[in-house]
Amino acid sequence: MGPHSLRAWLDVLKQENVLKTVSRKVSLDFELAAVGKRADGKYALLFNNVKGAKMPVVTGISGSREMFARALGVSVDRLVDTFAAAQANPRDCVLVDKAAAPVQEVVTCKVDLGELPIPLHHEKDGGPYITAGVLISKDPVTGNRNLSIHRLHVLGPNKLGILILPRHLNHFYRAAEKANKPLDVAIAIGLDPILLLASQAIAPLGFDECTIASALYEKPLELVKGVTVDIDVPAHAEIVLEGHLLPHVREIEGPFGEYPKYYGPASPKPVIELTAMTTRKNPIYQTIVAATMEHMLLGAIPREGGMLQVIRNAVPNACEVHLTPGGTCRYHAVVSIDKQHEGEAKNVMFAAFSSNQEIKRVVVVDKDVNIFDPIDVEWAIATRFQAGRDAVIVERALGNKLDPSCEDGLSDKMGIDATVPLTADPFRFERIRIPGEDTMDLEKYLD
Ligand code: MN
């Protein structure tokens with residue numbers, strides 16, 4: 001049972017002394033992002049004196065696996081399994097009246113994004129970006145709901161440029177464009193880590209990510225009807241922007257400093273025209289500084305959960321999966337298995353590659369390896385892997401366009417089987433250990 005709103009979560013962080021307030025005057029141009037980046041993984045920050053801002057700004061609300069685990073009410077080692085279980089057992093949402101929806105306490109149909117304290121994050125960004133907005137859309141054909149997070153470039157008082165990667169929203173937008181119709185969307189800003197995590201699930205087309213949030217909350221996520229769009233929005237968000245994606249309109253969006261720690265380039269991209277902004281009476285604006293651990297883990301944890309499901313369908317004795325920070329928490333996966341049959345490691349690789357297009361490299365290790373420890377993983381590769389026998393390379397599959405080494409999204413995939421052959425003499429692969437060393441207290445031996 002987790003926090004059901006950003007405010008509830010901030011209260012938890014405050015109690016645990018993880019939330020720090022910043023009363024010093026801070027500029028939206030780089031300074032706020034710089035402070036947020038320095039605090040990443042250590043503190044959540046509430047800026048209450050942002051230059052020119054009418055509301056406080058929060059960032060870093062979940063910058064470590066420990067913080068996400070705390071939000072989900074589980075231990076860190078249960079985090080990914082908990083997410084996977086929620087995805088496997090989704091739960092319905094509930095529609096509430098406007099009166100029970102704080103996010104619609106203040107409604108304006110004359111949207112001016114200048115009212116929001118939207119920061120400029122990285123040096124060469126094309127402008128201020130909304131980075132923590134969960135976009136809610138519906139399949140124009142089936143009506144199924146979808147959640148996704150996109151970088152949103154402020155292009156005018158009521159206009160946003162949007163990067164849409166080839167996933168579910170892209171599918172809806174293409175269908176709407178084909179019919180020459182705008183596509184209704186809503187963007188919810190100021191959310192708890194559970195709803196943010198759920199929005200990043202690796203789920204099939206047609207799967208409503210809101211139902212994962214309900215499962216993780218252990219109670220239905222409360223939604224309220226949009227004021228100007230046919231979209232239900234999170235009732236406890238701080239801010240909701242309503243509008244539509246315009247068909248056949250493109251404007252320059254970018255550059256934007258992205259999670260791979262490079263800029264996503266500027267190019268003509270789709271445009272959202274905003275029709276309403278609804279907020280709480282005293283809203284808090286939320287931003288996520290790109291490429292911080294907060295940003296990376298938001299992508300990694302749901303992906304790990306989704307991947308584990310797909311991998312276990314193929315290889316039931318798969319144990320754990322980790323998307324490593326050095327691999328941008330997207331491109332490099334390590335998977336441990338309790339190997340029963342020769343060749344299973346390769347099946348794990350294929351399942352991992354098929355689970356999501358961003359994966360470039362999969363290292364499969366035995367269950368004795370700590371997949372969260374890069375030294376242990378490299379040790380397994382160094383001592384259990386032979387490239388000629390154990391490497392698999394698939395050239396030019398679909399990858400991620402934000403990876404600058406990709407050629408127009410085409411990416412090679414590499415699998416590394418660093419498991420011990422089942423036929424090997426077990427003693428050759430016996431890890432050395434000194435009896436008693438792991439439990440002894442060194443201090444007791446020192447004068
Ligand atoms: Mn989806």
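Okay, let's start with charge: the chain has 49 positive and 57 negative charges, and their mean positions sit 4 Å apart. Lys and Arg count as positive, Asp and Glu as negative, with His and the chain ends left out, and each charge is placed at NZ of Lys, CZ of Arg, CG of Asp or CD of Glu.

Before going on, this is a predicted model, where local features need pLDDT of at least 70 and side-chain atom pairs count only at pLDDT 80 or more, while totals for chains, interfaces and linings use all residues. Residues are numbered from 1 along each chain as its sequence is written, and side-chain values use heavy atoms, without hydrogens or water.

Now the overall fold. We've got eleven helices and 25 strands, which are DSSP runs numbered from the N terminus (H or I, at least four residues, for helices; E, at least two, for strands). The radius of gyration is 23 Å, close to the 22 Å that the globule rule gives for 447 residues, so the chain is as compact as a globular protein of that length. That radius is over C-alpha atoms, and the rule is 2.2 Å times the number of residues to the power 0.38. Of the 447 residues, 55% count as buried, meaning under 20% relative accessible area with a 1.4 Å probe, protein chains only.

On to the metal. Which residues hold the manganese ion? The protein donors are Asn146 through OD1, His168 through ND1 and Glu209 through OE, at 2.1 to 2.2 Å. Donors here are N, O and S atoms within 2.8 Å of the metal (3.2 Å for Na, K and Ca), and since water is not among the atoms, sites may look incomplete. Along the chain the spacing reads N-x21-H-x40-E. Asparagine 146 is in strand S8 (residues 145-149) and histidine 168 in helix H5 (residues 168-178), 22 residues apart. Asparagine 146 is also buried, at a relative accessible area of 3%.

Next, have a look at helix H3, residues 65-72. Six of its eight residues are buried, so H3 is largely enclosed by the rest of the structure. Those are Arg65, Met67, Phe68, Ala69, Ala71 and Leu72. Their cover includes helix H1 (6-15), helix H8 (293-314) and strand S21 (318-323).

Last stop: isoleucine 381, in helix H10 (residues 374-384). Leaving aside residues up to four places away in sequence, isoleucine 381 touches Val363, Ile416 and Ala418, a contact being heavy atoms within 4.5 Å.

Terms used. Buried < 20%, exposed > 50% of the residue type's maximum accessible area, 1.4 Å probe, protein only.
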